[in-house]
Amino acid sequence: MSSAIAVIVVAAGSGTRLGHAEPKAFVPLGSGTVLSVAVDSVLGMRETPHLVLVVPADRVESTRSHFAPVAEAAAAEIVVVAGGATRQESVAGGLAVLPASVDTVLVHDAARALAPALLFDEVVGAVRARRRGIVPALDVVDTVKRVSDDGRVLETVDRSALRAVQTPQGFPRASLDHAYATAHEEFTDDAALVASAGLVVDAVPGDVRAFKITVPADLHRAEQFVAERAAQASRGAAAPRVGTGTDVHAFAEDAATPLWLAGLEWPGERGLSGHSDGDAAAHAICDSLLAAAGLGDVGQVFGTADARFAGAHGEIFLAETRRLVEAAGWRVGNVTVQIVGNRPKLAPRRAEAEALLSRILDAPVSVAATTSDALGFTGRGEGVAAIATAMLLPRS
């Protein structure tokens, strides 16, 4: 099976700083290894990718045998190839075995084993929307100093323009192929190599879980994450989870903008502004569901940079949120949402809205409305707010 998406997991390094005899990717982590934990995240992606594992030459056959049943269970194709002397050579080896159908390539370091599947999905979405290289990155929170070789502090560096870059890094296939074909020096990551070819690379928000396992303290941190995740899964099997979400949208300046709220169009009412249709009620519900499942928030999952959701109606957001929640092992128990604003008058269409939202989520949804007694922006008629609470139950 081939896919339009490929993920190359680089796992050929020795990892000597980790202090283990095994190569870093094969060091035990939880009930598996660093590599197996990384593969689990990749196979949790929204679209099952074509997966290439680049490992030390003497580990190719054993790795292929180990992941054969994993590939079968996930209905995925997992190809294992030998790495090169450098990371760049290893990635090139992975690129060489990709099928022609692949048009989007993600390169991921196995050492960032806990990078969540959601981060892979976000990078893929950004690559497709912007048609350029995408790297996840975190703000630099520590004060950064430039220091001389003998340890003298020379200056404080302005950190506002600095980012700590992570993987997976994603690229249009043609861009990455071109960059590797024309590279004449070694780079520390694929974004630098692609940029050296004169191509644009953008940064998107990263994830703290995508830290790199380099030294024993990192491995200990990873073990704690894995143990906590296993404990949460065990507790979650017997306990529901609750999340709260809010959303706010101002009324659009263009009087011709249609109003969409609680999944319904409201003819004759002034619409709300937003990257999508501005349905504050639907977005608040999504926020509450994502929060309960521990999957982030609406801004993180449905970012304004994702062209797929430009002008999309609330039903699209709700259906995709339900899919993500169910993929994480949950089902929607029930949802309540309260709309705060002077208009529209909800009562005549309350039952219609509840029936629509309940059908989309396959769970009871109650909708209420209130005004704010002429206080605040809703009271002044400048926009609409919504507050939602969702309960999730373990999927049987």
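Predicted model: local features only at pLDDT ≥ 70, side-chain atom pairs only at ≥ 80, totals over all residues.
A residue counts as buried when its relative accessible area is under 20%. With 9%, Phe211 is therefore buried.

**Aromatic pair**

- The structure holds 1 aromatic pair.
- Its partners are Phe211 and Phe225, whose ring centres lie 5.7 Å apart; because the planes stand at 45°, the pair is tilted.
- Phe211 belongs to the loop between strand S12 (201-205) and helix H7 (216-236), while Phe225 is part of helix H7 itself, so the pair ties together parts 14 residues apart in sequence.

**Charges over rings**

- Over the ring of Phe26 you will find the charged end of Arg59, at 4.8 Å from the ring centre.

**Helix H10 and its partners**

- Helix H8 (residues 280-293) packs against helix H10 (residues 314-327) at an angle of about 10°, and the axes are 9 Å apart.
- That angle makes H8 roughly parallel to H10.
- On the H8 side the contact uses Ala282, His283, Ile285, Cys286, Leu289, Leu290 and Ala293, and these meet Gly314, Phe317, Leu318, Thr321, Leu324 and Val325 of H10.
- Sorted by class, the contact of H8 with H10 has 10 nonpolar and 3 polar residues, with no charged ones.
- H10 also meets helix H11 (residues 350-361): their axes come within 9 Å and cross at roughly 35°.
- Here Glu315, Leu318, Ala319 and Arg322 of H10 make the contact with Leu357, Arg359, Ile360 and Leu361 of H11.
- By class, the contact of H10 with H11 counts 5 nonpolar and 3 charged residues, and no polar ones.
- Leu318 is listed in the contact with H8 and also in the contact with H11.

- Val384 is found in strand S18 (residues 383-394).
- A relative accessible area of 1% makes Val384 buried.
- Leaving aside neighbours within four places in sequence, Val384 is in contact with Asp247, Val248, His249, Phe251, Leu261, Leu272, Ala280, Ile339, Val340, Arg343, Phe377 and Thr378.
- From Val384 to His66 the separation is 318 residues in sequence and 54 Å in space, C-alpha to C-alpha.

Terms used
Residues numbered from 1 in each chain as written. Heavy atoms only, no water. Phe/Tyr/Trp six-rings, centres within 6.5 Å; stacked < 30°, edge-to-face > 60°. Helix = DSSP H or I, 4+ residues; strand = E, 2+ residues; numbered from the N terminus. Buried < 20%, exposed > 50% of the residue type's maximum accessible area, 1.4 Å probe, protein only. Lys NZ or Arg CZ within 6 Å of the ring centre and 35° of its normal. Axes fitted to C-alpha atoms, helices over the stretch in contact; angles between N-to-C directions. Parallel < 35°, antiparallel > 145°, perpendicular 65-115°, else oblique. Contact = heavy atoms within 4.5 Å. Nonpolar A, V, L, I, M, F, W, Y, C, P; charged D, E, K, R; others polar.
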